[in-house]
Amino acid sequence: MVSKKKKKYSSGEGAQFMTRKAALKKLQLTLKDFRRICILKGIYPREPRNRKRAQKGAGGIKTLYHTKDIKFLLHEPIIWKIRELKVFQQKIRRAKSMREYGKVKKYFRDYPEINIDHIVKERYPTFVDALRDLDDCLTLCFLFSTFPSLKRVPRDQSMLCRRLTIEFMHALIVAKAIRRVFISVKGYYYQAELEGQTITWIVPHHFSFQPQSKDEVDFKIMSTFVEFYITMLGFVNFKLYNSLNLVYPPKLTAGFNSDSEKALVDEQAYVSERIAAMNLSLAKVVGSNEVEEVPEMDVFETDDQDPLKIEEARKEAEQIKVLKTLFKGLKFFINREVPREPLVFIIRCFGGEVSWDRDHFVGATFDESDESITYQIVDRPSMDKQYLSRYYVQPQWVFDSVNTRTLLPINKYLMGATLPPHLSPFIDKTKDQVYIPPEQRALNDPDYKPPGDDDDESEDIEEASDEDKEEKSDEESETEEQILTKQYQAEVAQDSASDNGDEEVDEKKKLSKEKKKKMAVKTGITHKEHPYQKEIEDKQAYRLREKLVRKKHRNLYKSMKAGQEKRKQDIWLLRKKRRLHDEKVKEERKAEKQKQKAEALNAAL
């Protein structure tokens with residue numbers, strides 16, 4: 001009996017992968033709906049090892065998916081919902097064309113909604129899984145919260161993003177979970193720690209919206225991602241509020257309700273505006289504990305116990321404990337020119353009290369005339385009216401104090417002062433190739449002196465007067481003459497002693513001279529070494545070791561070496577930029593000093 005011939009590409013990579021065209025045919029969906037389902041379900045194109053086999057011998061480059069992922073989508077109930085939506089859309093179009101507006105109203109009332117709660121539970125079975133994947137979710141939600149109503153972005157979506165992000169920020173304020181913050185051109189970088197998971201996201205600056213062309217940004221795809229992230233962030237907020245014993249949706253405490261202000265607007269708008277201010281504490285669940293004790297770090301004895309790591313962990317825990325109460329007992333007042341939201345968020349996260357001008361935004365708790373204010377944050381060169389009972393600092397002082405985990409001296413951050421560089425706290429300590437600026441080194445090592453500090457001393461040395469040089473040369477000549485006279489006197493004393501000596505002394509001297517001749521040091525033959533010989537030999541030995549790398553690990557090794565070379569080049573470029581900047585600053589200082597000297601001479605004449 002002849003065995004049946006096996007078809008080509010029926011197994012292996014030919015059967016594992018499927019093109020996008022074949023997937024659309026199998027699922028009976030349009031490209032638009034297929035993209036939406038793939039985003040919601042977390043299915044993305046794959047790169048095969050052998051593209052020709054995966055494409056079943058076809059040429060070119062096609063978008064490929066795993067066959068098992070497409071089969072998994074066959075049983076998704078959202079596909080049937082999408083088909084129902086299409087039926088309703090056809091009915092609405094037909095009713096509009098027939099001018100049956102009663103039916104149109106009925107169809108819009110019964111319009112089916114897609115619920116993706118089961119997808120969130122499927123992709124993130126536990127709360128920690130959701131926190132681990134929260135970085136992109138927060139970045140996109142904070143971005144969409146700043147958008148106006150656009151053609152491809154529904155207005156309700158932007159408003160929901162705004163509400164959910166403010167709720168999340170309130171949860172972080174209560175949990176005191178912020179660890180680092182950095183201001184860049186893109187926006188504000190925040191890093192928080194929840195349930196042992198580190199979450200980093202970006203909040204954009206509040207600038208006016210600039211419309212983008214369709215070719216630059218596909219808002220439809222971004223809006224689909226936001227549709228999933230909104231549901232996910234709602235789950236996360238609900239779990240966070242329950243773990244912190246807060247009422248969800250958030251409500252204000254009864255003590256802050258003002259009937260005079262409340263009468264002007266409806267209750268929902270009043271509460272939402274005060275919650276957006278982030279300056280008022282939220283209502284807690286009845287019967288919950290007001291103060292939670294921070295548990296101490298447990299130390300378990302193990303065989304591979306490293307005392308240095310345990311000590312580092314203990315120091316880190318102590319620093320975080322201090323960081324959580326960094327601004328406790330301090331009162332801040334924010335001027336109207338300073339961005340309100342990020343500063344209120346940061347100050348409240350670390351236990352401080354903050355307020356602003358009542359005409360600027362709702363939710364102010366005290367006025368500028370309050371004498372108990374300790375710091376007033378300003379971003380202008382001077383002010384007409386100042387209080388002696390408080391310090392006037394620039395906004396950067398707050399962020400730098402959080403990153404250094406201590407209240408920095410305010411000398412460099414006073415009103416109108418030139419600010420020090422704002423250093424990034426996001427440094428990966430595991431990487432050995434990292435550019436560390438001189439200011440960061442000075443913070444890490446107190447004994448380190450940045451190269452810019454010695455500029456004034458070097459300039460003073462260069463500008464030493466000619467009179468001092470002449471005095472030094474006269475002193476040196478006098479000391480040389482004294483040395484020569486002493487040598488001459490010693491030689492005369494030796495000659496007189498030798499003339500008056502005995503014969504026995506002469507014999508001893510002869511013997512000692514003969515011994516000295518035998519012990520004399522002769523000049524050896526110089527052996528010149530090649531200056532780069534050792535380096536050449538090391539390189540040759542390194543190349544031999546590289547040849548011993550296995551074939552399957554060779555590509556990985558090459559990519560690692562390419563990454564190292566790229567990091568070296570980046571570090572070199574940063575150092576070059578810093579050197580040129582320092583030279584420019586030094587020249588400017590020199591020109592300023594010369595100008596001051598010339599002005600002083602002109603004034604004296």
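Predicted model: local features only at pLDDT ≥ 70, side-chain atom pairs only at ≥ 80, totals over all residues.

Residues are numbered from 1 along each chain as its sequence is written, and side-chain values use heavy atoms, with hydrogens and water left out.

**The holes**

Rolling a probe the size of a water molecule over the atoms shows where empty space is left. Here a cavity is a set of points on a 1 Å grid over the protein atoms alone where a 1.4 Å probe fits but cannot get out, and its lining residues have an atom within 4 Å of a point. Grid points are joined across faces, edges and corners, and the volume is the space filled by probe spheres set on the points. Searching the whole structure turns up two cavities of 30 Å³ or more.

| Cavity | Volume | Lining residues |
|---|---|---|
| Largest | about 40 Å³ | M169, Y188, Y190, V203, P204, H206, E341 and P342 |

What kinds of residue line the largest cavity, by class? Its lining has six nonpolar, one polar and one charged residues. For the second largest cavity the classes are two nonpolar, three polar and two charged. In this scheme Ala, Val, Leu, Ile, Met, Phe, Trp, Tyr, Cys and Pro are nonpolar, Asp, Glu, Lys and Arg are charged, and the others, Gly among them, are polar.

Helices (H or I, at least four residues) and strands (E, at least two) are DSSP runs, numbered from the N terminus. β4 (187-194), β5 (197-204) and α16 (340-349) each give at least two residues to the lining of the largest cavity.

Start with the strands. β4 and β5 are paired antiparallel over eight bridges (two strands pair if DSSP finds at least two bridges between them). Y188 has V203 in β5 as its bridge partner. Q197 sits in β5. Is Q197 buried or exposed? Q197 is buried, because its relative accessible area is 18% and the cut-offs are under 20% for buried, over 50% for exposed and in between for partly exposed (1.4 Å probe, protein chains only). Skipping neighbours within four places in sequence, Q197 is in contact (heavy atoms within 4.5 Å) with V128, L131, R132 and A192.

Now for α16: 10 of its 10 residues are buried. After this helix comes G351, with a positive phi near 90 degrees.

M169, from helix α11 (residues 155-175), is buried too, at 3% relative accessibility. Apart from residues up to four places away in sequence, M169 touches F142, M278, E341 and F345. M169 and M278 are 109 residues apart along the chain, yet their C-alpha atoms are separated by 8.2 Å.

**The core**

In soluble globular proteins, nonpolar side chains tend to be buried together. A nonpolar core is a set of buried Ala, Val, Leu, Ile, Met, Phe, Trp, Tyr and Cys residues joined through side-chain atoms within 4.5 Å. The largest one has 99 residues, and L134, I178, W201, F327, I346 and W397 have the most contacts inside it. Helix α12 (residues 219-243) provides the largest share of this core, with 11 residues. I346 touches I178, V181, Y190, F327, V398, F399 and V402, leaving out residues up to four places away in sequence.

Most residues other than glycine have a negative phi, and most peptide bonds are trans. Q28 is not a glycine, but has a positive phi of about 55 degrees. Q28 is in the loop between α2 (20-27) and α3 (31-41) and is exposed, with a relative accessible area of 59%. K56 also has a positive phi, near 60 degrees; K56 lies in the loop between α4 (51-54) and β2 (64-66) and is partly exposed, at 44%. Finally, the peptide bond from Y248 to P249 is cis, with omega near 0 degrees, and P249 is in the loop between α12 and α13 (259-262).

Methods
1 Å grid on protein atoms, 1.4 Å probe; cavity = no way out; pocket = protein on both sides within 12 Å on 5 of 7 lines; lining within 4 Å.
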